[in-house]
Amino acid sequence: MRIGLDIGSTTIKCIVLDDNFNVIYQTYERHYAHIKENIIKALKKVKEQNIIKGEVYLAMSGSAGMGIASGAEIPFVQEVYATRVCASKFLKDASCIIELGGEDAKILFLENGLEVRMNGTCAGGTGAFIDQMATLLNVTVDELNNLASKHEKIYNIASRCGVFAKTDVQPLLNQGAAKSDVAASILKAVVNQTIGGLTQGREIKGNVIYLGGPLTFLDQLRASFDESLHLKGFLPKNSLYFVAIGAALCSDALHPLDYFIERLSSYKTEGNYRYYPPLFKDEKELEEFRMRHAKDRVEIKSLDHYDKPVYLGIDSGSTTLKFILIDDEYNVRYVKYMSNEGNPVSLMKDALIELYEKYPYVNIKGAASTGYGEELMINAFSLDGGLVETMAHFIAAKHFMPDVSFVIDIGGQDIKCFKIDDGIISDIFLNEACSSGCGSFLQTFASALGYKMEDFAKIGLLAKKPVDLGSRCTVFMNSSVKQAQKDGATIDNISAGLSISVVKNALYKVIRVTDKHSLGKKVVVQGGTFLNEAVLRAFEKELDLEVVCPNIAGVMGAFGAAMHAKKLHLTQSNILKLDDLKNFKHQIKTYTCGLCNNKCSLTLNTFQNNKSFISGNRCERPLAKKVTGDEYNIYSYVQNILSSYKPIEGKRDIDIAIPLVLNMYELYPFWFSFFTSLGMRVHHSGFSNAKLYLEGQTTIPSDTACFPAKLVHGHIHKLVKQGYKIIFYPCMSYNIDEQKGDNHYNCPIVAYYPETIKNNVDEIQNITFIKDYISLNDEKVFIDKMYNMINKKITKVTKKEIKIATKNAFIAYKEHLSSIRTRGQDIIDRARKNHKPIIILAGRPYHVDPGINHGIDKLIVGMDVACLNEESISHLVAKFKTNVMNQWTYHARLYAAAKYIAQFEDMNLIQLVSFGCGLDAITSDETRLLLESEGKIYTQIKIDEITNLGAVKIRLRSLLEALKERGEKDEK
Amino acid sequence: MKNEKEREDYLLDICDFTPEMKKTHTILVPAMLEFHFKLLEAALNSLGYKTEILTNNDTHVVTTGLRYVHNDTCYPALCVIGQFIEALKVRNDLDKVALIITQTGGGCRATNYVPLLRKALKKAGFQNIPIIVLNLGNLRESRGIKLNLKFLSKLVAAITYGDTLMYLHNKTRTYEVTPGSAYALVNKWIDKLGNLIRQNKGTKKSYLKKYLPQIVDDFNNLPIKLKPAPKVGIVGEIYVKYSPIGNNHLEEFLVSNGAEINVPGLFGFALYCLQNSIYDYGYYGGKHIKLRITNILINYLEKRELLIIKALKDSKFTSFTPFKEMKDYSKGIIKHGAKMGEGWLLTAEMIELIDSGFSNIVLTQPFGCLPNHICGKGVMKKIKSLHNDANIVAIDYDSSASKVNQENRIKLMLAIARENIEK
């Protein structure tokens, strides 16, 4: 007989096979991190069954079992290998296995030699991801599955990793998208992530087998896979136990069952993980800490019989809805804190009705909102005003500490921090999509480990050896926790370690503090997460500073909004009254905007009196408020130029297709003119969109490459599908030398991505794919090169023709650049004439692609600000010394743009940074330095496939708000 | 308000290591290749430089790196800078130490290591520590150490011995009868060669011709017991490929799991850097005189490499493919124009390994390493289609990439490798 154990990240699976390899017993239990105890328990249960006669073969598998197996000297089988062993024994005709586990996604190709794909360190988990998303929707995983079966439409949710998806899902919920649609979209994201991240060019076909928990339990997930793969996959018997069965089959250790139990029991985990000093030495220290923090408070008074003026503040956050009433003395008269359950409007309605009914005499003199749902709330309930959440938090913090130097707010989904100099916000830090482990992150871990959030945090307070889990995003943290468990860390130490990690994440990933003192001495911490004493303590210890944490830390945004409402000095608030609320209607309709290339997924909220509010939009067009102009937007100018290129008939009946990607955004005019001169028709692949990306994603070999690079696959696919026989996409180590830096390289991705296409996209085998190494810096070398290349690969041309074409191409390139620069100057002049501020949205030429910039340019222009790019002004500065190797042409422009605008009051720069861009780690520091050394605010926006602009909006508004205040202060 | 003045403080051009410091200052060397660096140290000592190879490799190195270097920067930069700063923190002779760092140049962000180090030093309050920049590919651009033929020949000799010892150590450590005997033998030779080098001996061709066969002979006589072992090659970004800090002690892990490992030597990388100037000339034109000097250097290094191969010929150990041939192994997969980071060399090394029986490969790379998207992960599919037996696992290294995950993947690779042995 044989026993197999599969110790996964969350569960233990145990099976017993008889001598004919039939499964005669199986168990499936969550282990809640108590791995050793639960393995022993599982084995003892086997023993109780009295099915084991004599000696038994036993082996373990699963990533969480690796350490224990080697420690207890029990055979260990790698889990993918175990799956394979089991599959080849029982499923002889399987061609491909898709296995999703708690945190792993794997694809095994069984034909033509085994090929295995496992998710990379960045791609995040799948089972855990679905758990997280279910928590977000406030449903169980089963309910999520049921919801998905009723979906009508699928939203595009970033399929890269859990954290990214979350930033997409949250706003969808807040905008009122139907839960069933969101549920189905979440499952589809898992499918896309698995297919996109793991197939890496190999097609999934033939007999496909589904394995693992999520695929076993969720029929809708299987259906979603079937749909995307265009086939019908098969869920075999024992689909949960393949790893365990494989382990059992592999074992060569034959002993009595008691022997194995004994080995496990005598195995002591060493507890030699990395750890921090305890948060509190003892109870006494904890008590002193509590006493000290009890001082920072506002009074919370009763609203009973209180008919004097009160002011209402609403903070409609990403996961929660908070509202508060304050009186003229800033005492809190009423406070409510709700989980928004994806439907903030109806929650708010009920809450208001409750308020009115309980306190009919309530005398609201002003009402304002803040947070993600700010505008939705204003429109739904006729509030008197709203303000961007950073400002709300700032004014609230000032109430507790008038000379505050730094505010940090860790909420459910986001971290917001800002620095204050001279009473004005001088620097804003928001967490980028990749480091969002925050409050909800702790919560997810708590429930994964079987605890309630409040209890979970408390058990860590007096832990002796808090685990050092590093300071990375949620996905990495999952693995770190797994490792700590393996090393024998107990639950209290893991809890404390997670709290410390949240703090480190905020300090070192978001704010990137290197000097503790740079935050100043006056720090106010807020956000619900800080009500967790372990987090608060960890923060103070890390900074070596006593900070202020108000008793209303969780509702500071709402408090700030209420203060704002009070400042409006109204005689009466416009907010809906009880009668209005009773007739309150709220209908949600979703549709896709067709007014431009961005194809925003819009949500139309209709209220009583047919008042409506649209969300999900990037620009103002669907609102029809005003058509803000392209006359202030260099991005749309360049887009228009690129769209206007149409193939021209020439003397040669040859089509040259060029993918509109990366450096082609700048060089297209060059190559267009070059090949047109030779009498060929030149075509490009157009701008990117989600569909194009998804269609190319199966051939992407490296899931951590930047999004603009991954898009190339979609463009090539599109061109091949359109039937073009020649695709021209050259490798270019060097860019054009603009004499601005120490060298003129392209980044490695821009330089060599054609090689990746050649090696990974099978479709191009049947066409001419030209990826020669070309440089534009030496005309003579270029002419020779092109002459040989074209004669060899395309058609016969003469040297003279090439020379003329080259001349024309360079002219076209220069004209293209100069037209952008002229237009840039026009915009500057126009903006100054009309007193509009100017923002340089600085990135690289390919950020012009609306599929990459997601319409941030339109968002900026929609805020009544002119929008330029780096290349439209970089020529205005002479070469200067930077603190880094200024060796990439595109980045040299970035530095030049930063240097240039630093001279002007009305100009500011926002750097667009692609997730996964290694160069931007260097360029962003330098750009920040260039700007801050001239007293400018540095703002960075990280972009990826994410299409939601909520966080971007906050950042932009905060920046504009800070600039405005700065301007006002200067005038005084 | 910060001004121009402050910014100039750490401009990268300033090399502040002056000739006078040679006498007074101890040069701190970050750890990467244990054997090579000990010999390199001896070479520097023989020229009158005082050196110290850093041995601190606890977790503080990475934590400190995280604090002082932009977290999205490559992991190697984080490790090296973290190691420097950790070392400086505990010294009380700060006015008497200098740092040495290598620079590869090219379009990779690694070219920015020096500015990154300067920034970090400034943040940590060590802005006055002088830095020596050693450029492996283009020695003329090295700053701080006077470069002459004498130094160059010593440097190349150190690499020659280092590559030999590393190769033989890896050939024997898995099979040694007495645990630790292969390592002990390496150290015996490092002591001996180190002493010779310090006495200005050992680095000339005649010495190499004398000692290389002796080294090979010693390993040839080391008692080993052969067993079926998965043959695993390690390739990747140079630092994480070689440095145990960078790769979570990958070599040790593989050997303890019964594998025979093969880590391509430093000659390949040095020659690759030089060779790229030749290819550049072909692609982009340039000055012919520069080409001639490079050719002389390449020729010189290739001859030294051949000495190793010759010495191996008379032993029981299989040899490796000389760079001269190996450089063309990437043909048909990736062009020689792909020269950033490890570029085409990475691909060529993988093919060389597969050809010599090491078809199981760990492809190491720092998380988000740009060139490796193309020359590493980007060519796996192609290699697999050309070599059916290729069993490559790509591992990302990063400050919080979990060791469990990494080892789990490697174990899968090993399981498949073992199965292939049985076939």
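Analyst: Start with what a domain is here: the bounds of a domain come from an automatic or database domain assignment. The model itself is predicted. In chain B, that assignment gives domain 1 (21-144) and domain 2 (230-264 + 320-422). Their C-alpha centres lie 26 Å apart.

User: How many residues does each domain of chain B bring to the contact?

Analyst: Domain 1 of chain B supplies 17 residues and domain 2 of chain B supplies 19 residues.

User: Which elements of domain 1 of chain B give two or more residues to the side that touches domain 2 of chain B?

Analyst: They are α4 (59-68) and α5 (75-89) of chain B. The top contributor to that side is α5(B), with 4 residues. By class, the side of domain 1 of chain B that touches domain 2 of chain B has 13 nonpolar, 3 polar and 1 charged residues.

User: Now the helices. At what angle do α28 and α29 of chain A pack?

Analyst: Helix α28 (residues 779-793) and helix α29 (residues 799-833) of chain A pack at about 130°, and their axes are 10 Å apart. Angles over 145 degrees count as roughly antiparallel and 65 to 115 as roughly perpendicular, with the rest above that range oblique. α28(A) and α29(A) are therefore oblique to each other. The crossing of α28(A) past α29(A) is right-handed.

User: Which residues make the contact between α28(A) and α29(A)?

Analyst: From α28(A) come A:E779, A:F782, A:I783, A:M786 and A:Y787, and from α29(A) come A:K799, A:I802, A:K803 and A:T806. This contact divides into 5 nonpolar, 1 polar and 3 charged residues.

Notes. Residues numbered from 1 in each chain as written. Chains lettered and ligands numbered in written order. Predicted model: local features only at pLDDT ≥ 70, side-chain atom pairs only at ≥ 80, totals over all residues. Axes fitted to C-alpha atoms, helices over the stretch in contact; angles between N-to-C directions. Parallel < 35°, antiparallel > 145°, perpendicular 65-115°, else oblique. Left-handed = near helix turned anticlockwise from the far one by under 90°. Contact = placed C-beta atoms within 7 Å. Nonpolar A, V, L, I, M, F, W, Y, C, P; charged D, E, K, R; others polar.
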